Amino acid sequence: MNDQHSPVSAFSYDTAFSRNIGWVTAEEQQALRGKRVAIAGLGGVGGAHVLTLARLGVGALHLADFDTFDLVNFNRQSGALVSTLDRPKAEVLAAMARDINPGLDLKIFPDGVSKANLGSFLDGVDVYVDGLDFFAFEARRATFAACARKRVPAVTVAPLGMGAALLNFLPGKMTFEEYFRLDGRSEEEQAIRFLLGLSPAMLQRGYLADRKSVDLSAHKGPSTVMACALCAGIASTEALKIMLKRGKVYAAPVSLQFDAYRGKLKRTWRPWGNRSPWQRIAIAIARRQLGATKRRGAASPSGQR
């Protein structure tokens, strides 16, 4: 086929993203074309972040993930298809993003993020959007610490139940570690502190249908595509506000949780993060509840919960 008539040659950035104009100005759209966003973790939320930011017209993306697609990803992950089984998530999402914008500047980090590559991963980045697995504590702590050092704004939105919980960590403000206080804690304790730090209001707690589906020690928990889609919308909106320097951006220790199932929105302020009195009480209660669940499981004849 003659290149003059190929889909790529027919692509026009201005036309492709013209329906954004109105909610952003033409000048702002061109500004987004010149922005660079880094996303680590390309699963349920990360993959949705990639495609949402690509459709927003962001001109450059850094994508990091070492994993491949599996059947258990099908309920929520954007790139999970029969045709992509066992294929690298970074490769698949990069191809999908280029299909939206052939002019997209992409840098792929197929080994995920580590202390060794965080410098290049965050080089020239305007904002970092977190898509790491809930239990990737070491990688997440290292990434947010690097963002703080390099003064890169960082956005994390967690899919909880059928809703989403937002935290922004901005240069010069409270850091990820100051808020969550994970240093020196066991993995199980980090999971409790991370969960309660993300959603002090815990709006999702009331409608969990099967409590046996949650096992922090086994890195097991349910998730929904609705939550992932909400996360992408919220995270990309926060990234837009940061990149265009427009609109109110709340920084930690302020968190925001929206639960679509309950139809509730809650903004929470925890001035000392997980050191706040209410948070310390909530963490202690969660710790006791987890211990009770383990004891019941150990006492059951089958050893199963």
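A residue counts as exposed when its relative accessible area is over 50%, as buried when it is under 20%, and as partly exposed in between. By that rule Lys-245 is exposed, because its relative accessible area is 74%. The model read here is a predicted one.

Lys-245 lies in the loop between α9 and β7. Its backbone deserves a look. Phi of Lys-245 is near 55 degrees, a positive value in a residue other than glycine. Most residues other than glycine have a negative phi, and most peptide bonds are trans. The loop between α9 and β7 also holds Pro-253. A cis peptide bond joins Ala-252 to Pro-253, with omega at about 25 degrees. His-219 is another non-glycine residue with a positive phi, about 55 degrees. The loop that carries His-219 runs between α8 (187-198) and α9. His-219 is partly exposed, because its relative accessibility is 39%.

Ala-10 sits in the segment before α1. Its relative accessibility is 63%, so Ala-10 counts as exposed. Tyr-13 belongs to helix α1. This tyrosine is buried, because its relative accessibility is 6%. Leaving aside residues up to four places away in sequence, Tyr-13 touches Gln-29, Gln-30, Leu-32, Arg-33, Gly-57 and Asn-101. Val-249 is 236 residues from Tyr-13 along the chain, and their C-alpha atoms are separated by 28 Å.

Helix α2 covers residues 26-33, and Glu-28, Gln-29 and Leu-32 are buried in it. Seen down the axis of α2, the buried residues fall within an arc of 105 degrees, so they line one face of the helix. An α-helix has 3.6 residues a turn, so residues three or four places apart point the same way. What do the buried residues of α2 pack against? Their partners are α1 (13-16), α3 (44-56) and α9 (225-244).

Salt bridges come next. The whole structure has 11 of them. In one, Arg-36 pairs with Asp-105, and the closest N and O atoms are 2.8 Å apart. Arg-36 lies in strand β1 (residues 36-40) and Asp-105 in strand β3 (residues 105-109), so the pair ties together parts that are 69 residues apart in sequence. Arg-36 is buried, because its relative accessible area is 17%. Asp-105 has 31% relative accessibility, so Asp-105 counts as partly exposed.

Asp-67 forms a salt bridge with Lys-89, with 3.4 Å between the closest N and O atoms. This pair links distant parts of the chain: Asp-67 is in the loop between β2 and α4, Lys-89 is in helix α4, and they are 22 residues apart. Is Lys-89 buried or exposed? Lys-89 is buried, because its relative accessibility is 4%. Asp-67, at 33% relative accessible area, is partly exposed.

Lys-89 also touches Asn-73. Asn-73 lies in the loop between β2 (60-64) and α4 (89-100). Its relative accessible area is 6%, so Asn-73 is buried. The side chain of Asn-73 reaches the backbone nitrogen of Asp-70 at 2.8 Å. Thr-68 and Ala-80 are among the other residues that Asn-73 touches.

The side chains of Glu-189 and Arg-193 meet at 3.0 Å, N to O. Glu-189 and Arg-193 are separated by about one helical turn, because they are 4 residues apart in helix α8. Both residues are buried. Elsewhere, salt bridges that share partners join Arg-141, Glu-177 and Asp-183 into one network.

Arg-193 leads on to Asn-274, which touches it. Asn-274 lies in the loop between β8 (264-269) and α10. It is buried, because its relative accessibility is 1%. The contacts of Asn-274 include Tyr-179, Phe-180, Gly-197, Arg-280 and Ile-283. The side chains of Asn-274 and Gln-279 are joined by a polar contact of 3.0 Å.

Helix α10 spans residues 277-299 and holds Ile-281. This isoleucine counts as partly exposed, because its relative accessibility is 46%. Ile-281 forms a nonpolar surface patch with Trp-278 and Ile-285, and together the three have about 350 Å² of accessible area.

Notes: Residues are numbered from 1 along each chain as its sequence is written. This is a predicted model: local features need pLDDT of at least 70, side-chain atom pairs count only at pLDDT 80 or more; totals for chains, interfaces and linings use all residues. Side-chain values use heavy atoms; hydrogens and water are left out. Patches are made of residues with over 30% relative accessible area and no salt bridge: like charges are joined within 9 Å, nonpolar side chains (Val, Leu, Ile, Met, Phe, Trp, Tyr) within 5 Å. Accessible areas come from the Shrake-Rupley method with a 1.4 Å probe; for residues, only the protein chains shown count as cover. A salt bridge is a side-chain nitrogen of Lys or Arg within 4 Å of a carboxyl oxygen of Asp or Glu. Helices (H or I, at least four residues) and strands (E, at least two) are DSSP runs, numbered from the N terminus. Buried means under 20% relative accessible area, exposed over 50%, partly exposed in between (1.4 Å probe, protein chains only). The arc is that of the directions from the helix axis to the C-beta atoms. Contact means heavy atoms within 4.5 Å. A polar contact is a pair of N or O atoms within 3.5 Å; within protein, one must be able to donate a hydrogen and the other to accept it, and residues adjacent in sequence count only if both atoms are side-chain atoms.
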